[in-house]
Amino acid sequence: MDAYRGFVMTLMAAELLNFNGLHKTFPTSSFWAFLAYQQDHVPWAGCSLHDLIQPSFSFLVGVALPYSVASQNAHGQPATTQFWRALRRSLTLILLGIFLRSTHSEQTYFTFEDTLTQIGLGYPFLFLLGRTSTRTTWIAFGLILFGYWLAFVLYPAGMTNFDYSAVGVPANWPEHYTGLMAHFNKNSNLAWAFDRWFLNLFPRESPFLFNGGGYATLSFIPTLGTMLLGLQAGRWLRSGLSSSDVLKRFLMAGGIGLATGVLLHFAGICPVVKRIWTPAWVLFSGGWCFWLLALFYYVIDVAGRRGWAFPLVVVGMNSIAIYCLVHLIDRFIINSLYTHLGHGPFQIFGPAYEQLLMGAVTLGIFYFILRWMYRRKLFIRI
């Protein structure tokens, strides 16, 4: 789990390598084009490697829950104490998410669509469902996905005269859908309408009209579905099943999720869109999460090849720490390096690669900090 978590957090921090800048410098290079695509979110429907960071992080929160509950039970903590602890963790994540999003604002920037707040909003429900039977969990999972899909479908889709330019979407944007999937179009759907009301309840510099990326607060509901998939994976890991049986279940669940998500998309029932966390996205991304967990489980726990994963474990054991470091001090480190060393050392491969080298050095400094914390058993993770 920690290696997988470290892998996705490293992908997040690796934005500092700025592959997109190299793609612009070398527009004919298929190599940099591929890396730039995988290091960015797709505009709406579809998936890149970067799009799997947040679902993987959410999925792993679910995987870890059975271990956390078992540990608390072993220490004799009553259920009510555990629940209040879950509520405190939830509130901490929400407040931390708002704080990090507000660091460059003139006032508190109340927003609830980032990774930490989304997990925080759903965590108490995850905890409660984690204490129920597997059957109840699967029923809840199905109701969450179907209910979320139905709510979107019942909300009136953007009419032909809808002014998309007023919500930051070009009228000729190629991602516009028709028919049933029109209910999931960008900034004209149920989640957007909810945020037009909800986010304006908080003090803001200007009224909230739309999110430029199409992200929404209500995505925490299907994100709970992603965490429930992780919960089931964690239960399988703790069930006493043989490693081969666990792997079979991971691979089967991943295949079913991927196939179902793709089928819903191409059947015109529900698009695979991360930005509003559609039910099809829950299934599609959940399939990839099961397969990625199966890969790490096989290589590290079954095959016993652990040494190579130590750097990922260091990062994974301090997932919240690396998240905060990237959001708070990345520019401070970069500016300090330029102040004391100038641009010369980072242009040894040519000016085109300056940002790549600077990003690599910054990542190295982050790892040094995390390694120091790891040696002193200072772990900050969900």
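I began at the end of helix α14, where G342 follows the helix and has a positive phi, near 75°. Helices here are DSSP runs of H or I with at least four residues, numbered from the N terminus.

Before going further I noted the ground rules: this is a predicted model, in which local features need pLDDT of at least 70 and side-chain atom pairs count only at pLDDT 80 or more, while totals for chains, interfaces and linings use all residues. Residues are numbered from 1 along each chain as its sequence is written, and side-chain values use heavy atoms, with hydrogens and water left out.

**Helix α14**

I looked up the extent of α14 and found that it runs over residues 330-341, which makes 12 residues, and that it reaches 16 Å from its first C-alpha to its last, close to the 16 Å expected. The expected span is 1.5 Å times one less than the number of residues.

Which residues of α14 are buried? I listed D330, I333, I334, L337 and Y338, where buried means under 20% relative accessible area, exposed over 50%, and partly exposed in between, with a 1.4 Å probe and protein chains only. Seen down the axis of α14, these buried residues fall within an arc of 130°, so they line one face of the helix; the arc is that of the directions from the helix axis to the C-beta atoms. On the other side of α14 I noted F332, T339 and H340 as exposed. The buried residues of α14 pack against α13 (319-328) and α15 (354-375), with contact taken as heavy atoms within 4.5 Å.

**V315**

I then turned to V315, which lies in helix α12 (residues 310-316) and counts as buried because its relative accessibility is 8%. Leaving aside residues up to four places away in sequence, I found that V315 touches G6, M9, T10, I322, Y367 and L370. I also checked V315 against T260, and the two are 55 residues apart in sequence and 33 Å apart in space, C-alpha to C-alpha.

N18 has a positive phi near 55° and is found in the loop between α1 (2-13) and α2 (19-25). W277, also not a glycine, has a positive phi of about 50° and lies in the loop between α10 (243-266) and α11 (279-302).

Is each of these residues buried, exposed or partly exposed? N18 is partly exposed, with a relative accessible area of 22%, whereas W277 is buried, with a relative accessible area of 2%.

Notes. Helix = DSSP H or I, 4+ residues; strand = E, 2+ residues; numbered from the N terminus.
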